[in-house]
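Subject: Structure for your review

Hello,

Here is the structure I said I would pass on. Please have it open while you go through the notes.

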Amino acid sequence: MSEREKILEVKNLKTYFYTHKGVVKAVDSVDFDLERGEILGIVGESGGGKSVTGFSVIRLIDEPGKIVDGQIIFKGTDLMQKSESYMTTVRGKEISMVFQDPMTSLNPVYTIGRQLEEVLILHENLTREERRQRCVELLNSVGIPNAEGRLNNYPHQFSGGMRQRVIIAIALASNPDLIIADEPTTALDVTIQAQILKLMKQLSQETNSALILITHDLAVISELTDRVNVMYCGKIVETGYTQEIIRRPAHPYTQGLLSSIPNIDEEKKRLSTIPGIVPNMFELPAGCKFAERCPYAKQICWDKEPEVTSLGNRHEVYCFFPLVGEDK
Amino acid sequence: MPVKQSKIQQFLHSEFFHNYRKSPTAIISSLMILSAILIALFGPLITPQDPYALAGLELADAFKPPAWIEGGDANFLLGTDQQGRDIMSAIVYGSRVSLYIGFVGVFFAAITGIVVGLVAGYVGGRLESIIMRIADIQLSFPSMLIALFLMTTFGRSVSNVLIALTLIGWVRYARIVRGETLTVKNKEYIEASRVIGFSNIRIIFKQVLPNVLTSVIVLSTIQVGSFILIEATLSFLGLGVPITRPTLGMLCSDGFAVLYSGLWWVSFFPGLYIVFIVFGINLFGDFLRDELNPRLK
Amino acid sequence: MNEQSTNIIEIRNLVQNFRLTKGVLDEVKLRGGKLVRDRVVVKAVNDISFDVKRGNVCSLVGESGCGKSTTARTIIKLINPKSGTITFEGQDITDYKREQMLPVRKEMQMIFQDPYASLNPRSRVVDIIAEPMVFHKIEENMTVARERSVELLQRVGIRPEQVSRYPHQFSGGQRQRIGIARALSVNPKFIIADEPVSALDVSIQAQILNLMMDLQEEFGFSYLFIAHNLSVVKHISDTVGIMYLGKIVEMGGKKDVFANPRHPYTEALLNSIPKISGDNLEKTKAIKGEIPSPINLPSGCFFHERCPYAMPICSEVFPEKRFVSDDHFVYCHLL
């Protein structure tokens, strides 16, 4: 596999939230990189830190959260060293974001043409006519029929799926190098979700934008992403090529996630589950955060945090007893 | 049976208390309110005189300025009025009635408004429309006008003032409670109660009511201040409580007559104290509103 | 009264709709120079009929606007049907008023979707379970009821030390367990579960589904399970019904429907599910178009605008019910 240019390198990212009940280490020492045109998935359950990771990359963390440490090197520049005004030139132009809820991501009092244009006005130098042309092109590229006519419609005149397409169009408007999509299809119906996922994959290939896809749905990860980071309690527990991880999961949590998914192709009387619940984020255990739910945990797992074990071919796992060699 | 953390412990660890400690306005305003209440409750025990026991008054003491001004008397810290009444004592006694009317007025207005709002919101339909139209009509009249009309027609007494305040005040409660009821009634836990078979009355009062109280609390703090001011205005105009039960407003009014003769302290200090009380209440109400705002889960 | 029929619930020709306009003033409009009255009605449930067998799990699956939640709420009589009949254990409860429904309510209960809205934030968890017991006179007083509640909560996985807490102190999965315990508190024979795991994380979903299955084996009640996720439904159902715009377009035994889907919409749903094998979306064509609004129902077969196999008759006439096998039926002109 040829080495493509790295457009994002995240090193030792730490984002903590300081609340009245204590400190929540939402993202605790996370490292990963991303190549141009690649689709990286971040998967995990609620509280795992995946959304916060996404927001941290574009530094959209508000009080009481704070990016406490780490480097976010985007196209060679460490964004952590830059000012907020620099970040506003980056956001929407070089890195854009697609949020989860299409019902609230668009401003209800402006037409979608206006909202699309806004990005272009802010980041590009085009004449009015050129902007209008570009807006129509964008709507066409996301599959909205009668694009020219619909520029003057308001968000409430679109269905959920259509709105999400508009949001994707806005994200693509300035030809960003990186798009971060936070659960972009979770709020949509199954048949619409399929449409949107296909669209995102196709657009990513056409525009050569890198895509970070954040979701809790491993099946979506499998359909769309090249590589994946599995997160638990603020840490990456496993990372590697998606198909590799799905066929040969090395971390017990990944394995647990895979077997608890109801699979349409299989017949089981009872679903296997991961026993217990996610630990209290204010009282995280020492050692491996997954130890209390892990069927294979030994004493060392409770005492020390696991370090990274490389399994070759960019497959890495943070576990003292990785499940390598187990065929699914 | 399992152990519960004591209510006090729970409160001290809560986010509410944490934010309270961090906020200077919250602490100061709550102290202002607390001191006003303490003064009203225990003030009479330490004032130099009971300004309404006519026997104790001496005309010779009349029109003394505040103690720090030339001609003042250390016995009468804030001066005296035209009858020799100690202003400070008068304020203490006057604030008792003002606060009483403020709190009790809010109590009755709240109860009326809450019940009306709950029923309108939960039952809906025509009943809701009728009630809300009545509320709208009433809101288009200035409250002072309604109060003046009622007091002139029915005469001056504490209970009439309370009735007037209730009739003015229920509307805001009803509107807020109706709005919140509309939100709550569609929540799944209310549906669950209906599926279990609980009666509507039971659901309204045991399930909906506890969940709409937060906005009522915020509104109440603001209404206390507002009612004190309405009462003060009524008294100032001579249409409030009878002169035998003096209030802060009445003291202002009495002092008005001699204001332009240079005897400013008779109106000024009662007026200042009204500002102090209402300001403290409003500030605390602001803090409460921000705090009790339903946060994201 | 209590004939031992095989069906615990029989639904016939159920219709439910909602008026969005309120009264004449809203509805009168000027159109083409004339005053017309335009009632805006959401036609949520459009004449459906099905049975739930005693001891079975029957699932209704569909996307937004298909009417599955409205069906659930109508069957349990949170809203009264516009027409049609609901027969529970041989009794026609369609027109039952509150007093008549009270004894029936003990027999049928509901589990709700949103764990963050289905429990009263101001009630202690143990009381949420105990109050229905006292109300239906299953237990004499709150003290006894609370004891039984602690047992029941333990059965669903809530530890005794936690039962005096308030809902906000529990996680989503735990709240859902509490909701299940509440439904069980009155010993119902029939439980409607309205998307009980949709709001939960994947690994918690599995736990809750297993719990629901275990409880069913232990207590023997019947479920009507509402879901939008076909994969979940495949694991737990005996019978599956697919809904689209207020109609059941296909229904039958689980094995039949999944192995041999006869309605193009069922096929489309199955094709749209992302699979862990990662190759489903590439292989299959995503279905085109958007779900029409239940305010303006399409003519003929509601699915014809999006159906890859549509024929001229599909836009004109709604298909008749055709049986593929004994309990597998479909509404489609293709058969």
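This is a predicted model: local features need pLDDT of at least 70, side-chain atom pairs count only at pLDDT 80 or more; totals for chains, interfaces and linings use all residues.

Contacts with chain C

Chain A and chain C touch through 36 residues of chain A and 33 residues of chain C. On the chain A side, the elements that give two or more residues are helix 6 (160–172), helix 7 (190–207), helix 8 (218–224), helix 9 (242–247) and helix 10 (252–260). Helix 7 of chain A gives the largest share, 7 residues. Sorted by class, this side of chain A has 16 nonpolar, 13 polar and 7 charged residues.

Chain B also touches chain C, with 16 residues of chain B in contact with 22 residues of chain C. Here the elements of chain B that give two or more residues are helix 8 (188–196) and helix 9 (200–236). The largest share, 7 residues, is that of helix 8 of chain B. The classes on this side of chain B are 7 nonpolar, 3 polar and 6 charged residues.

Strand 10 of chain C

Strand 10 (residues 222–227) of chain C is mostly covered, with 6 of its 6 residues buried. In a regular strand, side chains alternate between the two faces of the sheet. In strand 10 of chain C both faces are covered: Ser222(C), Leu224(C) and Ile226(C) are buried on one side, and Tyr223(C), Phe225(C) and Ala227(C) on the other.

Two neighbouring strands can be described for strand 10 of chain C. Strand 5 (residues 57–61) of chain C runs parallel to strand 10 and is joined to it by 5 bridges, with Ser59(C) opposite Phe225(C). Strand 9 (residues 190–194) of chain C also runs parallel to strand 10, again with 5 bridges, and Asp194(C) stands opposite Ile226(C). Strand 9, helix 7 (residues 202–219) and strand 10 of chain C form a right-handed β-α-β unit.

Strand 3 of chain A

Strand 3 (residues 39–43) of chain A is mostly covered as well, with 5 of its 5 residues buried. Ile39(A), Gly41(A) and Val43(A) are buried on one side of the strand, and Leu40(A) and Ile42(A) on the other. Strand 3 of chain A pairs in the parallel sense with strand 8 (residues 210–215) of chain A over 5 bridges, where Leu40(A) has Ile212(A) as its bridge partner. Strand 3 of chain A also pairs in the parallel sense with strand 9 (residues 227–232) of chain A, over 4 bridges; there, Gly41(A) is partnered with Val228(A).

The nonpolar core

Which residues have the most contacts inside the largest nonpolar core? They are Ala169(A), Ile212(A) and Phe225(C), in a core of 252 residues. Helix 4 of chain B provides the largest share of this core, 18 residues. Neighbours within four places in sequence aside, the contacts of Phe225(C) are Val57(C), Cys58(C), Ser59(C), Ala193(C), Val233(C), Ile236(C) and Ser237(C).

Helix 10 of chain B

The 12 residues of helix 10 (residues 248–259) of chain B should span 16 Å at 1.5 Å a residue, and the end C-alpha atoms are 16 Å apart, so the two agree. Buried in helix 10 of chain B are Leu248(B), Gly249(B), Met250(B), Leu251(B), Cys252(B), Ser253(B), Asp254(B) and Gly255(B). The buried residues of this helix pack against helix 4 (87–123), helix 9 and helix 11 (265–292) of chain B.

Regards

Note on methods. Residues are numbered from 1 along each chain as its sequence is written. Chains are lettered from A and ligands numbered from 1 in the order in which they are written. Two residues are in contact if their C-beta atoms, placed from the backbone, lie within 7 Å. Ala, Val, Leu, Ile, Met, Phe, Trp, Tyr, Cys and Pro count as nonpolar, Asp, Glu, Lys and Arg as charged, and the others, Gly among them, as polar. The expected span of a helix is 1.5 Å times one less than its number of residues. A residue is buried if 20 or more other C-beta atoms lie within 10 Å of its own, exposed if 12 or fewer, and partly exposed in between; C-beta atoms are placed from the backbone. Two strands pair if DSSP finds at least two bridges between them. A crossover is right-handed if, with the strands pointing away from the viewer, the path from the first strand over the helix to the second runs clockwise. A nonpolar core is a set of buried Ala, Val, Leu, Ile, Met, Phe, Trp, Tyr and Cys residues joined through C-beta atoms within 7 Å.
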